[in-house]
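Please keep the model open beside the text.

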Amino acid sequence: MKKILVIVISLLILSIISITIYWNLPIEITRKSDIESGNKVIQNIENYQKTNHQLPSNNDWQTLEKLGLKKDESEKISYASDEKGNYELVYVDGFDGPYLMWNSKEGKWTIDFPTIIND
């Protein structure tokens, strides 16, 4: 009986430690595939901006789909731009944030709330 109790407690402690370690890993590890696909979209947007001297419109889904964004996907990257030439890509994973987000002003992936809101 003591042996079973020791094993159960050890497994519980190991599980708690594992979860704690995972939560504290950098987003570059925990969200690697999302960041890789987002980086492709960022590169496409940057190329579009260099070619057309402007960002794609927030509602121009024909262009946005060519750049790698998908309109009707449940877990998708949302795109928003402002009049100053800044844009954000946000992985909308659920109802409440914070979300995995790229802001062109900061130039890095973060876990945060969107700052550019589509009207």
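Strand S3 is mostly covered, with five of its five residues buried (under 20% relative accessible area, with exposed over 50% and partly exposed in between, 1.4 Å probe, protein chains only). Strands (E, at least two residues) and helices (H or I, at least four) are DSSP runs numbered from the N terminus. This is a predicted model, in which local features need pLDDT of at least 70 and side-chain atom pairs count only at pLDDT 80 or more, while totals for chains, interfaces and linings use all residues. Residues are numbered from 1 along each chain as its sequence is written, and side-chain values use heavy atoms, leaving out hydrogens and water.

In a regular strand, side chains alternate between the two faces of the sheet. From S3, Tyr 99, Met 101 and Asn 103 point one way, and Leu 100 and Trp 102 the other way.

S3 pairs with a strand on either side, as tabulated here (two strands pair if DSSP finds at least two bridges between them).

In the hairpin of S3 and S4, four residues lie between the strands, and Gly 107 has a positive phi near 75 degrees.

The whole open sheet has four strands in the order S1-S2-S3-S4, paired antiparallel. S1 and S4 are at the edges with a single partner strand each, so one side of each has no neighbour in the sheet. From one strand to the next, the twist averages 25 degrees.

Technical notes:
Axes fitted to C-alpha atoms, helices over the stretch in contact; angles between N-to-C directions.
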